[in-house]
Amino acid sequence: MFRTLLVANRGEIACRVIRTARRMGLVAVAVHSEADADAPHVRQAHRAVCIGASPATESYLNIDALLAAAAKTDADAIHPGYGFLSENADFAAACEGAGRIFVGPSPEAIRAMGSKIEAKNRVAAAGTPVVPGYQGEDTSPATLRAEAARIGFPLLVKASAGGGGKGMRLARNEGELEGAVAAARREAASAFGDDAVLLERYLTAPKHIEVQLLADHHGKRLLLFDRVCSVQRRHKKVIEEAPAPTVTEELRQTMGAAAIRAAKAIHYRGAGTVEFIAEGGEFHFMEMNTRLQVEHPVTEMVVRVCQDGSEAPLDLVEWQLRVAAGEALPFTQEELAMRGHAVEARVYAENPRRRFLPSSGQLARVAFAGGDGVRVDAGVETGSDVPVHYDPMLAKVIAHGKDRTQAIERLGQALADSELAGVEHNIAYLRRVLAHDDFRGGEYTTGLAEAHAADLTPPASPFAPVIAAIARLGVGDGNPWAATDAFRLNLPPEVSFSVRQGRDRVEVSLCLAAAGSIEAQLSAAKGEPQTWLLDSIDVAGNAFEARVQYEDGTTQGLAARLLRRSEDIFVTQSGETERIAFASKDPGNFGTVGDPGGRIVAPMPGQIATVSVASGDRVKADQPLLTLEAMKMEHSIRAPAAGVVKEVLCKPGERVEDGAELVVLDS
């Protein structure tokens with residue numbers, strides 16, 4: 001076994017690899033960009049090296065800087081994690097050329113399967129069914145149009161070197177093809193340094209099923225069974241589980257055999273995943289990921305090694321390291337078994353109510369809940385910065401149970417008990433997915449998130465502004481009028497607040513009612529005013545409790561956790577956090593014409609990728625105006641209403657800050 005391991009990644013996967021390396025007695029070396037100087041993975045390692053500026057192209061994608069860090073720290077081996085350079089054959093070859101062990105397959109295997117085009121050609125030749133499409137080298141506009149017509153719409157334009165939903169666009173008809181190809185190329189070039197694309201028929205109701213493999217240098221190739229990753233939004237996985245529900249044993253065996261054939265054909269070693277798309281009892285090969293997957297914990301939670309009358313869990317990272325060091329796998333296929341069920345939820349810094357736009361900033365509080373059968377793989381902690389330069393995933397919460405129902409319930413409760421404040425996040429969205437009937441039934445497909453988008457999008461909490469307003473008064477017994485600084489004769493005491501909830505202005509009025517209860521009225525720009533009676537109010541430290549009485553006589557308990565930061569109060573209820581700002585400035589409104597000038601502003605910091613309009617152009621409602629690249633994804637900025645472009649205030653390649661004015665529309 002080697003002595004020193006350099007982890008060429010960041011965030012939760014770097015923390016994950018460092019944890020296993022330390023347990024094995026290895027010296028763990030972290031690398032970091034300038035933006036990540038104080039990140040948790042840096043402190044968890046034995047040593048750390050800065051490898052460049054904040055953009056990934058100048059740090060985590062810089063092969064020379066990574067190899068220099070390995071030389072500086074005498075690292076024997078380099079673990080690439082996932083993303084970045086994990087499936088880059090040139091990086092694997094450069095590691096070996098520098099005398100460092102690359103923890104992963106050979107450069108030849110990565111080249112064979114790292115290109116979706118080459119991979120499909122190889123497995124098709126071996127007899128494995130593939131999704132109909134076009135993987136040719138000629139990707140000229142004329143050829144792509146002709147091939148698209150042959151395949152038929154709708155179809156996917158996919159980056160050949162892609163992964164994680166990046167470099168992937170849906171073209172529903174011929175008119176969308178050119179734009180989809182251009183967008184996929186730009187995103188692929190930015191994320192992977194390769195803009196090659198392929199075309200693939202878009203299956204309308206498929207299941208996304210993966211088979212986990214583990215292979216050594218001595219010819220042993222093992223199946224670690226399957227998992228399903230069909231809860232996806234914009235082709236990005238959100239929730240995964242193992243084993244795949246509703247998959248028959250016959251289909252499981254057939255896919256497993258196909259995966260082993262693929263690994264054998266390229267002399268694969270290490271941990272890898274073969275991905276299939278299944279529909280109507282048939283399955284098709286999609287791609288092979290020659291690396292560790294984000295969702296590997298659900299496999300680790302259910303797989304057991306059964307030897308000598310005992311059972312032990314399997315650490316995939318440990319066996320990646322042991323295989324890389326030349327060790328043989330000491331167990332057989334017959335000694336591997338599945339126990340129970342596991343479900344994983346990916347926690348992202350994004351706003352589900354604003355088209356899942358990524359969110360950046362400093363995390364004021366991070367407290368993920370544990371519990372029986374619950375595991376948390378996090379790359380952030382209280383005080384961590386969430387930069388704009390990288391993928392917005394913050395953590396993964398994984399739950400194991402004796403069966404699927406128990407695993408789902410444990411995961412839902414762990415999410416509900418978690419606190420995350422400082423950036424927007426998707427915990428409430430994840431809980432709604434877990435509670436949805438289609439997910440609970442297990443028959444769901446990759447269309448779940450889009451088909452039920454309205455049901456899954458969490459509404460803004462109507463109680464959060466009221467809770468924050470009561471807490472703002474700062475009276476622990478819940479009776480703000482017990483103090484004598486606002487005494488008035490003959491009139492019920494009343495206090496009003498103007499707050500900002502997200503980008504909406506909300507008016508809150510609190511009036512003392514009988515027996516110390518409070519009548520609260522909430523007024524927002526959208527919807528009718530709402531009135532509730534709150535009693536049994538208790539504000540103790542960071543905890544809030546009350547009972548809400550409705551007009552029909554029913555009651556409801558109300559509980560929240562509070563976090564005060566300057567003029568803001570973060571209100572966390574059942575895992576969902578609302579930021580309530582007590583400020584008078586106009587928050588503006590992204591995506592709508594906020595004034596006669598029709599200001600369209602940047603929803604987050606980022607870089608302008610394209611501008612589709614010019615001064616004087618007439619535009620329709622929802623017409624794309626420009627695209628903004630942030631957190632390794634492109635985001636379309638669209639016209640909120642029909643109008644005329646009065647002025648364009650940005651250009652491609654320009655970096656902009658959150659709230660920067662981009663386009664002025666005259667409606």
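**Two sheets, strand by strand**

Val-601 in β35 faces Glu-661 in β42. This pairing belongs to a predicted model. Strand β42 covers residues 661-666, and three bridges join β42 to β35. The two strands run antiparallel.

Now widen the view. β35 and β42 sit in an open sheet of four strands. The order is β35-β42-β40-β37, and the pairing is antiparallel. The edges are β35 (599-601) and β37 (618-619). Each edge strand pairs on one side only.

Strand β1 spans residues 4-7 and pairs with β2 in the parallel sense. Four bridges hold this pairing. At one of them, Leu-6 has Val-29 of β2 as its bridge partner.

How many residues of β2 are buried? The strand covers residues 27-33, and seven of its seven residues are buried. Buried here means under 20% relative accessible area.

Side chains in a regular strand alternate between the two faces of the sheet. β2 can be read that way. Val-27, Val-29, Val-31 and Ser-33 point one way. Ala-28, Ala-30 and His-32 point the other way. Both sets are buried.

Note on methods
Residues numbered from 1 in each chain as written. Predicted model: local features only at pLDDT ≥ 70, side-chain atom pairs only at ≥ 80, totals over all residues. Heavy atoms only, no water. Buried < 20%, exposed > 50% of the residue type's maximum accessible area, 1.4 Å probe, protein only. Pairing = 2+ DSSP bridges.
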